[in-house]
Amino acid sequence: MRKKIKRLKKPALVGLIFVVLALIVMLVYRAFGPIIMEVWELLLSGNQADLADYIQQQGHYGAYVALFMISMLQVVSVILPGAIIQFVGAFLFGWWRAFLLCWLGFTAGNVLVFVVLREVGNSIRLAMDTTQKDNWLLRKINEGNPVFVVAVSCMVPGIPNGIIPYVASHAKISLKDFTLAILLSSWVQILMSCITGHFLAEGNYIVSAIAVISQIVSVVVILFNRDKILEKL
């Protein structure tokens, strides 16, 4: 397959890749465009009440699917905060259901971005006969233990979680290892956010405070030891 691709002229191959991508985007938009745009606007607004109303309107099982899909979309967006989604989920479904849905949705979103960009990136690099551009996180993943580096990157303040699959898709890490790293590293913060949202909704401010303090302590510890941690990766 690679030999056949290389036989094509570069402009023709690049054009073919973008035509295929355009067709995929068009089909996805035709099928899910209105829903995606509606959810996107809710996420950008940051209004927890509107987001909760939207999820509840989807029906019993539809609400579970909506929370899962919104957690995926949050990763694709790169910049949107996941805490709002996790708070709303915990308010609607309780902490453990919200945790499972948000955790699996977050992981699925990371895997989706990773797979799509790896395939697209490899195709474009093959067509253009170019090498990967080097950057700090990419170099760390390639030089160290890929699973450990990706896992720690998810917990280090200053590195947006949504950017990690974009960088990792160009690194020397397998899909299996990337998925494992996300699963092992993302659950703590998501769990704490869901517990906080759940007990805030119940008016149990002591447990909520403990969950918030636990998150703050973990972030502060990692923040002040960030350079030491990253130097050892």
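The legends below describe close-up views of a predicted model.

**View 1**
Among the elements of the chain, helix α10 (residues 175–201) has the highest mean pLDDT, 90. The lowest mean, 49, belongs to helix α1 (residues 2–7). Over residues 124–133 pLDDT stays under 50. For this stretch the model has 19 contacts beyond four places in sequence.

**View 2. Helix α3 against helix α5.**
Helix α3 spans residues 48–56 and helix α5 spans residues 82–93. Their axes come within 10 Å and cross at roughly 55°. On the α3 side the contact is made by Gln48, Leu51, Ala52, Ile55 and Gln56. On the α5 side the residues are Ile84, Ile85, Phe87, Val88, Leu92 and Phe93. By class, the contact of α3 with α5 holds 9 nonpolar residues, 2 polar and no charged.

**View 3. Helix α4 alongside helix α5.**
Helix α4 covers residues 60–77. Its axis and that of α5 come within 10 Å, with a crossing angle of roughly 170°. Angles over 145 degrees count as roughly antiparallel, so α4 is roughly antiparallel to α5. From α4, the contact takes in Ala63, Tyr64, Leu67, Ile70, Ser71 and Gln74. From α5, it takes in Gly82, Ile85, Gly89 and Phe93. The residues of the contact of α4 with α5 are 6 nonpolar, 4 polar and no charged.

**View 4. Helix α5 packed on helix α10.**
The axes of α5 and α10 lie 7 Å apart, and the helices pack at an angle of about 50°. This angle makes α5 oblique to α10. The crossing of α5 and α10 is right-handed. Ala83, Gln86, Phe87, Ala90 and Phe91 of α5 take part in the contact. Their partners in α10 are Gln189, Ile190, Ser193, Cys194, Thr196, Gly197, His198, Leu200 and Ala201. The contact of α5 with α10 has 8 nonpolar and 6 polar residues, and no charged ones.

**View 5. The aromatic pair of Phe99 and Trp103.**
The count for the model comes to 4 aromatic pairs. One of them is formed by Phe99 and Trp103 and is stacked. The rings are 5.3 Å apart, centre to centre, with 10° between the planes. Both residues belong to helix α6 (residues 95–128). Because Phe99 and Trp103 are 4 residues apart in this helix, about one helical turn separates them.

Notes. Residues numbered from 1 in each chain as written. Predicted model: local features only at pLDDT ≥ 70, side-chain atom pairs only at ≥ 80, totals over all residues. Heavy atoms only, no water. pLDDT = per-residue confidence, 0-100. Helix = DSSP H or I, 4+ residues; strand = E, 2+ residues; numbered from the N terminus. Contact = heavy atoms within 4.5 Å. Axes fitted to C-alpha atoms, helices over the stretch in contact; angles between N-to-C directions. Nonpolar A, V, L, I, M, F, W, Y, C, P; charged D, E, K, R; others polar. Phe/Tyr/Trp six-rings, centres within 6.5 Å; stacked < 30°, edge-to-face > 60°. Parallel < 35°, antiparallel > 145°, perpendicular 65-115°, else oblique. Left-handed = near helix turned anticlockwise from the far one by under 90°.
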